[in-house]
Amino acid sequence: MSIADRFRNRPQVGDIMDWVWKKFCRFYPIPLVALLVIYVVLGAAGFLCFESDHQENVVRKWHLNQAVNRRQQARQISTRIFNDTKNLLIIIDRDQTERVQGLLVNSLSQYEGHLDLHIPKRDEWDFLHSVNYAWSLLLTIGHGLKGPQTTGGQVLAFFYCIFGVPFFFGTIAIFVHELLLPLVRVDQTKKKIALVLLAALLYVIWILLIAVYLHSYALPKSFWESLYTATMSALTIQTPYFNKLPQYPAFAVLAGSTVSVVLALFVLLLIAGVYGEKSCHNRPVKMRDEAESPKSNDLPKFTVIVDEAGDSKLADMDDE
């Protein structure tokens, strides 16, 4: 083969672009999922930028106010118990008073530890917590007591949800329709029904696995709490137990809930396919001869015309 023939037969730029475009059209949900991941990461970075410094100030102010309140409460208690000139109770000097007040402060601190107080933490808006919050917004689960406190963070959350929630569920729908459904194409209705039941069973098993994980690592007191949290989170419904999860179990629950949404949408599309096929079978089919045959109302109409010579002939009424 000559050099000219080799040059003529080599792939042209247009052919390469067509091949790339066909591959992209076939697997375009994968770049869409990657774009969704980037969207979540950018949202988390935005929340981290707006809320991290503010959270540090909130934590510092909260602990300062708590220490001041403890000292004031201890001073009031010690004043009522000791050095009460009206009731002439125990009289102690200044050093003993400070020592007693210190013991009261420690007792109040231990007592507060038994209360279910929402104590702000410095790492509440670190990167992983920000990712969890951004992800929970897209899943519409939310994050309970946690939310942006700055104006910039609230504005970001507003626009992030407006564009992100449709983008999130739309990407999942495209992923299921374009990549998962073609893998399980079956023609018989019985096989489709069996596939629906199998997918539904897989959905239930997946929720049970999430519940077992929560019971092992996050909610060991009651398996019911774990099962309730796993089920509600899979349905994108918030529970009070979800708000108490540490950051890594919360991340795992969000990932499991996303997979649950994928499985649920997969089951719904399979059911829609089975129902659509049954509707097509139940629809009356018009035969070809019947469809092409003219109706009684469309039959041509004729009239008999008799001329002067007495001859008769047929004439089309439409021509008249």
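How are helices α7 and α8 oriented to each other? The two helices are oblique to each other, an angle class that takes in whatever is not under 35 degrees (roughly parallel), over 145 (roughly antiparallel) or 65 to 115 (roughly perpendicular). The structure is a predicted model, in which local features need pLDDT of at least 70 and side-chain atom pairs count only at pLDDT 80 or more, while totals for chains, interfaces and linings use all residues. Residues are numbered from 1 along each chain as its sequence is written, and side-chain values use heavy atoms, with hydrogens and water left out.

**The chain as a whole**

- The chain contains 11 helices and 2 strands; these are DSSP runs numbered from the N terminus, with helices (H or I) of at least four residues and strands (E) of at least two.
- Along the sequence, the elements follow the order α-α-α-α-α-α-α-α-α-α-α-β-β.
- The chain has 320 residues, of which 29% count as buried; buried means under 20% relative accessible area, exposed means over 50%, and partly exposed lies in between (1.4 Å probe, protein chains only).
- The accessible surface of the chain is about 22200 Å², and carbon and sulfur atoms account for 63% of this surface; such areas come from the Shrake-Rupley method with a 1.4 Å probe, and for residues only the protein chains shown count as cover.
- Among the contacts in the chain with a separation of 6 or more, 70% involve residues 24 or more positions apart; a contact means heavy atoms within 4.5 Å.

**Helices α7 and α8**

- Helix α7 covers residues 189-217 and helix α8 covers residues 223-234; their axes come within 8 Å and cross at roughly 130 degrees. Axes are lines fitted to C-alpha atoms, for helices over the stretch in contact, and the angles run from 0 to 180 degrees between N-to-C directions.
- The contact involves residues of α7 including Tyr203, Ile207 and Leu208, and residues of α8 including Phe223, Ser226 and Leu227.
- By class, this contact of α7 with α8 has 11 nonpolar, 4 polar and no charged residues. Ala, Val, Leu, Ile, Met, Phe, Trp, Tyr, Cys and Pro count as nonpolar, Asp, Glu, Lys and Arg as charged, and the others, Gly among them, as polar.

**Helices α5 and α6**

- The axes of helix α5 (residues 127-138) and helix α6 (residues 151-180) come within 8 Å and cross at roughly 60 degrees; α5 and α6 are therefore oblique to each other.
- On the α5 side, Ala134, Trp135, Leu137 and Leu138 take part, and they meet residues of α6 including Ala157, Tyr160 and Cys161.
- The contact of α5 with α6 has 10 nonpolar, 1 polar and no charged residues.

**Individual residues**

- Leu219 lies in the loop between α7 and α8 and counts as buried because its relative accessibility is 10%.
- Beyond residues up to four places away in sequence, Leu219 touches Leu214, Glu225, Ser226, Thr229, Tyr241 and Leu245.
- Ile237 lies in the loop between α8 and α9 (240-243) and counts as partly exposed because its relative accessibility is 41%.
- Apart from neighbours within four places in sequence, Ile237 is in contact with Ile141 and Met232. Ile237 and Thr140 are 97 residues apart in sequence, and 7.5 Å apart from C-alpha to C-alpha.
- Gln72 belongs to helix α3 (residues 29-81) and, at 41% relative accessibility, counts as partly exposed.
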